[in-house]
Amino acid sequence: MAETFDKKKTIDLRHKYIGPSCKVFFGQDPIKIVRAKGQYMYDERGERYLDCINNVAHVGHCHPDVVKAGAMQMEILNTNSRFLHDNLVEYAQRLQATLPDSLSVCYFVNSGSEANDLALRLAWQYTGHKGIITLDHAYHGHVSSLIDISPYKFHQMTGNVLKAPSPDIYRGKHREDHPDAATAYSDEVENIIQDAHKKGQKIAAFIAESLQSCGGQVIPPQGYFQKVAQHVRTAGGIFIADEIQVGFGRAGTHFWAFQLQGKDFVPDIVTMGKPIGNGHPMACVITTRKIAEAFMSSGMEYFNTFGGNPVSCAIGLAVLDVIEKEALQSNAARVGRYLAELLRQQKEKHPLIGDVRGVGLFVGAELVKDRSKRTPATAEAQDVIYKLKEHRILLSADGPDRNVLKFKPPMCFSEENAKFAVDRIDEILTGIFSCSGCQIPSPSDARPGLWQHSRLHWTAAT
């Protein structure tokens with residue numbers, strides 16, 4: 001479909017009619033995207049951009065199989081899920097088959113925010129408690145109940161919300177040199193529970209992204225979730241695994257990111273969204289039969305007008321088919337390893353890169369001004385993002401200090417795409433030093449004063 005307005009008119013109309021808090025990427029010079037295919041997006045001039053950040057278009061933008069499935073079902077029927085329809089039960093069966101047997105009851109909703117909100121309701125009803133433990137820098141959604149448990153957006157925790165340290169072994173409280181970081185971080189949760197009990201608070205749930213995304217591409221240390229779950233369950237609470245950004249094979253070696261912790265860890269509730277419908281508004285909560293029955297015992301009927309409708313379920317089935325048919329999980333494992341290795345090679349070359357971490361196609365490169373102090377290089381990260389845009393590469397920076405370059409591309413992302421992106425990052429980081437006649441120092445020579453020579457454009461980035 002051709003564009004209706006020129007870019008300036010689109011911007012003017014957005015300013016007039018769209019809420020000012022609804023931000024766009026690259027605010028100083030936003031991109032107008034008019035079509036997309038696979039891992040590429042195209043602007044109104046036909047310029048092609050490599051999409052390294054769109055974890056919603058999971059199997060690739062506008063995948064023909066997904067589009068066809070939705071269009072065909074829309075021609076036949078789309079209706080409230082309170083009518084019987086095979087798509088709903090078939091999809092629930094297919095989805096459950098990817099999970100441990102105990103996670104067997106599905107609630108379909110329309111967004112990740114709805115899924116996490118419902119997960120909290122399930123936890124409150126099942127336990128009879130109100131306390132929620134969340135991780136620092138977490139983000140779980142935009143509805144009121146979730147803003148309260150999302151320190152990434154809102155740092156004023158309410159009385160029933162308790163904040164545990166992010167299990168970040170690079171810049172967190174317990175780092176990679178700790179002999180047992182998993183236990184150290186889980187002990188922090190146990191201490192929070194004990195303090196809560198002293199104040200008369202009872203714990204309903206611990207909620208965490210299986211891989212912390214907005215918090216800076218944080219990979220929890222092995223065994224952390226098992227230990228946390230033990231503390232929380234002993235206190236009468238349950239464990240909620242938020243897979244909304246990282247599920248459906250993105251981790252590469254496993255279909256669900258919580259499975260990276262080991263076969264002995266099974267959450268009580270799993271929430272999913274974003275990639276589930278490849279851009280179609282769809283999400284799900286999956287829990288145990290025991291928790292589902294406790295929710296029903298409240299006497300309040302639960303229904304969702306659009307959740308699990310025939311069109312959404314047809315699209316969800318098509319997404320699962322494409323993941324399997326195109327071996328996208330194994331592609332994530334292979335390309336993700338290659339991408340991480342390319343970035344580690346750049347770390348050896350550029351002292352600005354302090355850490356590279358990730359699994360599958362979930363990879364982060366943390367930029368620091370000083371490797372020994374691990375001082376966040378926020379302005380430098382923003383400069384890299386804007387310069388990549390000039391090379392038609394879409395990447396973003398996140399984390400508490402917005403200094404982590406994060407890769408979460410469509411799952412069809414290739415080794416060629418990875419090399420193209422990292423080569424451009426190499427050029428940009430080299431340019432930061434060469435622009436003022438600086439020599440690229442060895443990593444051991446990195447120091448804060450070195451960065452004052454770089455030609456950064458932080459004002460443009462903000």
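User: Leaving aside its neighbours within four places in sequence, with which residues is Thr287 in contact?

Analyst: In this predicted model, Thr287 lies in strand S10, which covers residues 283-287. Thr287 has a relative accessibility of 0% and therefore counts as buried. Beyond the neighbours within four places in sequence, its contacts are Ser102, Leu103, Ser104, Val105, Tyr107, Leu122, Asp268, Ile269 and Ala292.

User: Which backbone atom does the side chain of Thr287 reach?

Analyst: Asp268 is among the residues in contact with Thr287. The side chain of Thr287 comes to 2.9 Å from an atom of that residue, namely the backbone oxygen of Asp268.

User: Which residue of S8 is the bridge partner of Ile207?

Analyst: Strands of a sheet pair through backbone hydrogen bonds, in either a parallel or an antiparallel sense. S7 and S8 run parallel and are joined by five bridges. Within S8, the partner of Ile207 is Ile240.

User: Is Asp242 buried or exposed?

Analyst: Asp242 belongs to strand S8, residues 238-242. A residue is buried if its relative accessible area is under 20%. The value for Asp242 is 4%, so this residue counts as buried.

User: Which side chain is joined to that of Asp242 by a polar contact of 2.9 Å?

Analyst: Leaving aside neighbours within four places in sequence, Asp242 is in contact with Asn116, Tyr139, His140, Ala208, Glu209, Ser210 and Thr271. The side chain of Asp242 also reaches the backbone nitrogen of Ile244 at 2.9 Å. The side-chain partner in the polar contact of 2.9 Å is Asn116.

User: How many Å separate Asp242 and Val270, C-alpha to C-alpha?

Analyst: Along the sequence, Asp242 and Val270 are 28 residues apart. In space, their C-alpha atoms are separated by 6.0 Å.

User: At roughly what angle do the axes of H3 and H9 cross?

Analyst: Helix H3 spans residues 86-96 and helix H9 residues 310-325. Their crossing is left-handed, and the residues of the contact divide into eight nonpolar, two polar and three charged. The axes come within 9 Å and cross at roughly 35°.

User: Which residue of S12 stands opposite Val356?

Analyst: Strand S11 (residues 353-359) is mostly covered, with six of its seven residues buried. S11 pairs with S12 in the antiparallel sense over six bridges. The residue opposite Val356 is Ala365.

User: Which residue takes a positive phi in the hairpin of S11 and S12?

Analyst: This hairpin has two residues between the strands. The positive phi is near 50° and belongs to Gly360.

User: What is the phi of Gln217?

Analyst: Most residues other than glycine have a negative phi. Gln217 lies in the loop between strand S7 (203-209) and helix H7 (224-234). Gln217 is buried, with a relative accessible area of 0%. Although Gln217 is not a glycine, its phi is positive, at about 55°.

User: Where is Arg374, which has a positive phi near 55°?

Analyst: Arg374 is a residue other than glycine. Its relative accessible area is 14%, so Arg374 is buried. Its place is in the loop between strand S12 (362-370) and strand S13 (375-376).

User: Which residue stands opposite Ala36 in S2?

Analyst: A four-stranded open sheet has the order S1-S2-S3-S14, with mixed pairing. Its edge strands are S1 (33-37) and S14 (393-394). S1 pairs with strand S2 (residues 40-43) in the antiparallel sense over four bridges. Opposite Ala36 stands Met41.

Definitions and conventions
Residues are numbered from 1 along each chain as its sequence is written. This is a predicted model: local features need pLDDT of at least 70, side-chain atom pairs count only at pLDDT 80 or more; totals for chains, interfaces and linings use all residues. Side-chain values use heavy atoms; hydrogens and water are left out. Two strands pair if DSSP finds at least two bridges between them. Buried means under 20% relative accessible area, exposed over 50%, partly exposed in between (1.4 Å probe, protein chains only). A polar contact is a pair of N or O atoms within 3.5 Å; within protein, one must be able to donate a hydrogen and the other to accept it, and residues adjacent in sequence count only if both atoms are side-chain atoms. Contact means heavy atoms within 4.5 Å. Axes are lines fitted to C-alpha atoms, for helices over the stretch in contact, and angles run from 0 to 180 degrees between N-to-C directions. A crossing is left-handed if the near helix is turned anticlockwise from the far one by less than a right angle, and right-handed if clockwise. Ala, Val, Leu, Ile, Met, Phe, Trp, Tyr, Cys and Pro count as nonpolar, Asp, Glu, Lys and Arg as charged, and the others, Gly among them, as polar.
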